[in-house]
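Open your viewer, get ready to select residues by number, and follow the stops below.

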Amino acid sequence: MVSANEPPKSRLRLMAVHAHPDDESSKGAATMARYAAEGHEVMVVTCTGGEAGSVLNPAMDRPDVLANMTEIRREEMARAAKILGVSHTWLGFVDSGLPEGDPLPPVPEGSFAVIPLEESTGVLVKVIREFRPHVIVTYDENGGYPHPDHIRTHEISVAAFDAAGEEGRYPDAGEPWQPMKLYYVHGFSRARMTVFHEALLARGLESPYEEWLKSWDPEKADVMERVTTRVECGDYFEQRDEALKAHATQIDPNSRWFAVPRDLQREVWPTEEYELVRSLVDSTLPEDDLFAGLKEG
């Protein structure tokens with residue numbers, strides 16, 4: 001088995017596994033842009049083509065767009081990857097869609113969420129063994145939010161992290177490679193929304209977070225309680241935002257995504273947050289670097 005215990009100091013590899021095109025730009029994008037700019041290799045893996053996604057930007061809600069969603073979303077993903085400075089690969093599974101109704105209908109047959117876990121894990125294992133990441137980032141057990149494809153992305157990422165280094169697993173998927181660290185990326189938390197809300201009001205600006213904060217269940221735990229690692233990446237917020245806007249079918253440039261001025265964000269919350277859930281190297285918590293423990297020695 002090839003070991004990642006002693007990677008080159010100057011060039012490490014990070015893989016971020018996401019469910020749909022646009023997820024990479026709304027979850028950890030500035031971190032990826034930072035590491036790419038620093039000379040590390042960064043790959044985004046997108047599990048599905050996002051075929052079942054709705055058009056969420058009114059300006060793109062046109063018949064010609066709806067008729068070519070698969071091709072358009074692939075083009076959007078390519079633009080976003082270029083903006084972030086990362087490489088990209090598709091796993092090739094079909095978007096399961098977000099079931100709605102009571103009771104919830106089953107997800108479509110043959111879509112990502114219902115492909116046998118052993119099968120979909122094997123596809124990701126092959127990509128891991130080819131790229132040989134030292135660090136993998138994915139979603140937590142709730143998928144970030146309970147979309148069936150996000151939950152499946154979590155499941156195959158954890159399973160592939162464990163299987164990729166085992167000699168006897170997936171013998172046709174290439175030479176075994178063991179990633180050294182696995183993280184969950186955590187997005188908006190109550191703590192972050194509160195800081196933004198108060199900072200906007202202090203500047204005399206309107207806050208889009210008031211209703212969210214009022215309706216927040218006080219019994220619900222904040223994801224910040226799980227965070228182990230905060231990566232400073234404020235200098236890359238502009239790339240993050242431009243990558244988001246590249247997904248024009250999904251992101252309205254006038255939406256609340258862009259309600260907080262970037263200079264204010266850099267001042268009050270210049271980090272992106274992660275939870276270290278597997279580590280085969282020593283690092284001291286809390287961390288400020290996904291590669292902590294890998295750069296020394």
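Is Cys 47 buried or exposed? Select Cys 47: its relative accessible area is 0%, so this residue is buried. Here, buried means under 20% relative accessible area, exposed means over 50%, and partly exposed lies in between, with a 1.4 Å probe and protein chains only.

Before moving on, note that this is a predicted model, in which local features need pLDDT of at least 70 and side-chain atom pairs count only at pLDDT 80 or more, while totals for chains, interfaces and linings use all residues. Residues are numbered from 1 along each chain as its sequence is written, and side-chain values use heavy atoms, with hydrogens and water left out.

**Stop 1: the cysteines**

Now select Cys 233, which is buried too, because its relative accessible area is 1%. A disulfide is a covalent bond between the sulfur atoms of two cysteines. With the rule that a disulfide is a pair of cysteine sulfur atoms within 2.5 Å, the count here comes to 0.

**Stop 2: an enclosed helix**

Next, select residues 29-37, which make up helix α2. Helices (H or I, at least four residues) and strands (E, at least two) are DSSP runs, numbered from the N terminus. How many of the 9 residues of α2 are buried? The number is 8, so this helix is largely enclosed by the rest of the structure. Among the buried residues are Met 32, Arg 34 and Tyr 35. Step just past α2 to find Gly 39, which takes a positive phi of about 100°.

**Stop 3: a strand residue**

Select Leu 91 in strand β3 (residues 87-93). Leu 91 has a relative accessible area of 10%, so it is buried.

**Stop 4: an aromatic cluster**

Select Phe 188, Phe 196, Tyr 209 and Trp 212, and you will see one aromatic cluster. Rings of Phe, Tyr and Trp (its six-membered ring) pair if their centres lie within 6.5 Å; planes under 30 degrees apart count as stacked, over 60 as edge-to-face and the rest as tilted. Searching the whole structure gives 8 aromatic pairs. In one of them, Phe 188 and Phe 196 have ring centres 6.4 Å apart and planes at 75°, so the pair is edge-to-face. Turn to Phe 188 and Tyr 209: their centres are 6.0 Å apart with planes at 35°, so this pair is tilted. This second pair links distant parts of the chain, with Phe 188 in the loop between β5 (181-186) and α7 (190-202) and Tyr 209 in the loop between α7 and α8 (210-215), 21 residues apart.

Which of these residues are covered? Phe 196 is buried because its relative accessibility is 2%, and Tyr 209 is buried because its relative accessible area is 2%. Phe 188, at 34%, counts as partly exposed.

**Stop 5**

Trp 257 sits in the loop between α9 (237-246) and α10 (262-268).

**Stop 6: salt bridges**

Side chains of opposite charge can pair when their charged atoms come close. A salt bridge is a side-chain nitrogen of Lys or Arg within 4 Å of a carboxyl oxygen of Asp or Glu, and the structure holds 20 of them. Select Arg 278 and Asp 162, whose closest N and O atoms are 3.0 Å apart. Arg 278 lies in strand β7 (residues 271-279) and Asp 162 in helix α6 (residues 148-163), so the pair ties together parts that are 116 residues apart in sequence.

Are Lys 181 and Glu 287 buried or exposed? They form a salt bridge (2.8 Å, N to O), and both are buried. To finish, select Asp 140, Glu 141, Arg 226 and Glu 275, which are linked in a network of salt bridges.
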